[in-house]
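Reader: I'm new to this one and would like a quick tour. Can we take it step by step?

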Amino acid sequence: MKNAKKIIRILSWFIFVIYLIALVYFLFFSEQLGRVPSDEYKYSLVPFKEIGRYLRYGRAIGGYYVMLNLLGNIVCFMPFGFVLPVISRNQRKFWKITLLSFLTSLLVELIQLVSKVGSCDVDDMLLNTLGGMAGYMLFRIFHRILFCRKKESRQQET
């Protein structure tokens, strides 16, 4: 059993590193997502301004771009909230994952602001944090399912 946990932890670290590399690429280098250096600072510090704009003008912007922005920001941080508690038992509290998701998103947005790549947007931070929280909730669901199955199989053996 301990061997299986060790293998899961090693695989999770590998997945986490690959995830972080992909995240950095998409957030800072992907030209398809508009990640090209600019001469000006792009930022939005008003909460829900961009989310509201995407929802109000969704038809004009196009459903694909609305989904890419809103759901993309949530989905891109779900692995963060899911894998982090697997690789670190110290990160199995909801508030810790929420805080780490927020701080990581804040770091990303500040780097985008300073480097003038992409846009620094408070709404992205909200959506990324929500994604980390959703990933953690999925972790808890899977953890509970696996824990209950292990408990049932132990009871059946006795």
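Reader: Which secondary structure elements does the chain have, and in what order do they run?

Author: Bear in mind that this is a predicted model, where local features need pLDDT of at least 70, side-chain atom pairs count only at pLDDT 80 or more, and totals for chains, interfaces and linings use all residues. Residues are numbered from 1 along each chain as its sequence is written, and side-chain values use heavy atoms, leaving out hydrogens and water. Helices (H or I, at least four residues) and strands (E, at least two) are DSSP runs numbered from the N terminus. The chain has seven helices and two strands, and from the N terminus the order is α-β-α-α-α-α-α-β-α.

Reader: What share of the residues counts as buried?

Author: Buried means under 20% relative accessible area, exposed over 50%, and partly exposed in between (1.4 Å probe, protein chains only). The C-alpha atoms fill a box of roughly 65 × 30 × 25 Å along the principal axes. Of the chain's 158 residues, the buried share is 34%.

Reader: Why is helix α5 described as largely enclosed, and which of its residues are buried?

Author: Helix α5 covers residues 78-87, and seven of those 10 residues are buried, so the rest of the structure largely encloses it. The buried ones are Phe 80, Gly 81, Val 83, Leu 84, Pro 85, Val 86 and Ile 87.

Reader: Is Ile 61 buried or partly exposed, and which residues is it in contact with?

Author: Ile 61 sits in helix α3, residues 58-61. Its relative accessibility is 26%, so it counts as partly exposed. Contact means heavy atoms within 4.5 Å. Setting aside neighbours within four places in sequence, Ile 61 touches Arg 53, Tyr 54 and Val 66.

Reader: How much of the relative accessibility does Ile 18 have, and what does it count as?

Author: Ile 18 lies in helix α1, residues 2-28. The relative accessibility of Ile 18 is 44%, so it counts as partly exposed.
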